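Subject: Structure for you to look at

Hello,

Here is the structure I said I would pass on. Please open it first, then read my notes below with the residue numbers at hand.

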Amino acid sequence: MSPFGGWGTLAAFLAPLCCRGSGEEQFEVPMEPKHLLVGSGEFQVINFTASCTDPKKLVLETALHKTFLEGQAQWKLFKVISISENMELMCSFICGGKEEMKVFNITVFYPPKQVLLTLSHTSVAVGTLFTIECRVPAVAPLQGLTVTLLRGTEILYNHTFVGTPPFPQDAVVTHNTTAHREDGHHNFSCEAQMDLRSRGGGLVHRVSDPQRLEVKEPVPSNQMVTIITIVIMLLILFVTFVLLCRHRLRTSNT
C-alpha cells in the first residue's frame, strides 16, 4: 500500500462538526479535505465524526464496497476498498431532526510502476546521432510528473508534464544527441518522479534499468574508400611512369 492510504492518512477526514447560532441548532460538515487522493486499487479508511451528542444515521454513501470498522455515538470508522476510478463520497447524518450532507471527490492516481529506457542503437560511431527514449506506462495525473534522462549522474535532458487527462496514459520523452568517446564509459538511465505534494500526497520515484552504449571510431564510407583507392592507384601509376622514363633516359645515354 502507498503512503496515501491507511488508517492515519485520513483520520481527520471529517473533523467535529460546528454548532452555530442561538436557539435552533445548525450543523455543518466541514469541507476539509475537499479532495482525496488515492492510489489505484487501494483502500481508504475514513473517520466520520459528528459534533452533536446524539446524532442519528451516520451514513457513508458510496457505490464502492465499504466495511464498518468501529464507532461510537458520535463517530464511525469505515474502510472503502478497491478504489479504481474517480468518484464521489457522500457523508450524511441527522442532528436535531435536520439532515446534513456533503460531497467529497476522490481522485485516483496511477503512480509510475515501470520506467523503460530505450536506446535507438546499442553501438554507434563517434559523431553519430542516436535517440534516447524513456517511457513510463499508464500514469496519471501527468501534471507534476518529471522525466529525467541521465548519462551516469549527468542530466542530459528533463521534461515536466502539464495538464491532467482524465485517464492513465503513457508518458514518453525522447532526446536526440551525438555520440562522444566518453559515452561508452557511462550508463544511461531514466528517472520518473511524480510530485503529488500540492494535492496532499508525496513524491513517487522510479528509475529504469541502466543501459550501456558501445562507441566506436568512425568507419570510412564506401565512397571515401573508393576515392582513396583511386588516389593510391594514380600514385602508383605516376611513380611507375616516372621510373620508366628514367630507365629509358639512362638506356639512351649509354
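**What was found**

About 15,300 Å² is the accessible surface of the protein chain, and 55% of that area belongs to carbon and sulfur atoms. Please keep in mind that this is a predicted model.

Overall picture

The protein chain has one helix and 19 strands. How much of the chain is buried? Of its 254 residues, 31% are buried. As for contacts in the chain with a separation of 6 or more, 65% are between residues 24 or more positions apart.

Salt bridges

How many salt bridges does the structure hold? There are seven. Three of the residues, Glu 133, Arg 135 and Asp 170, are linked in a network, and I would start with that network.

- Arg 135 and Glu 133: their side chains meet in a salt bridge, with an N to O distance of 3.7 Å.
- Asp 170 and Arg 135: here too the side chains meet in a salt bridge, at 3.4 Å from N to O. This pair links distant parts of the chain, since Asp 170 lies in strand β15 (residues 169-178) and Arg 135 in strand β12 (residues 129-139), 35 residues apart.

Arg 135 has a relative accessibility of 29%, so it counts as partly exposed. Glu 133 has 24%, so Glu 133 is partly exposed. Asp 170 has a relative accessible area of 37% and therefore is partly exposed as well.

Another salt bridge joins Arg 197 and Asp 195, whose closest N and O atoms are 2.9 Å apart. Which class does each partner fall into? Arg 197 counts as exposed because its relative accessibility is 54%. Asp 195 is partly exposed, because its relative accessible area is 27%.

After that, turn to Arg 197 and its salt bridge with Asp 195.

Regards

Methods:
Residues are numbered from 1 along each chain as its sequence is written. This is a predicted model: local features need pLDDT of at least 70, side-chain atom pairs count only at pLDDT 80 or more; totals for chains, interfaces and linings use all residues. Side-chain values use heavy atoms; hydrogens and water are left out. Helices (H or I, at least four residues) and strands (E, at least two) are DSSP runs, numbered from the N terminus. Buried means under 20% relative accessible area, exposed over 50%, partly exposed in between (1.4 Å probe, protein chains only). Contact means heavy atoms within 4.5 Å. Accessible areas come from the Shrake-Rupley method with a 1.4 Å probe; for residues, only the protein chains shown count as cover. A salt bridge is a side-chain nitrogen of Lys or Arg within 4 Å of a carboxyl oxygen of Asp or Glu.
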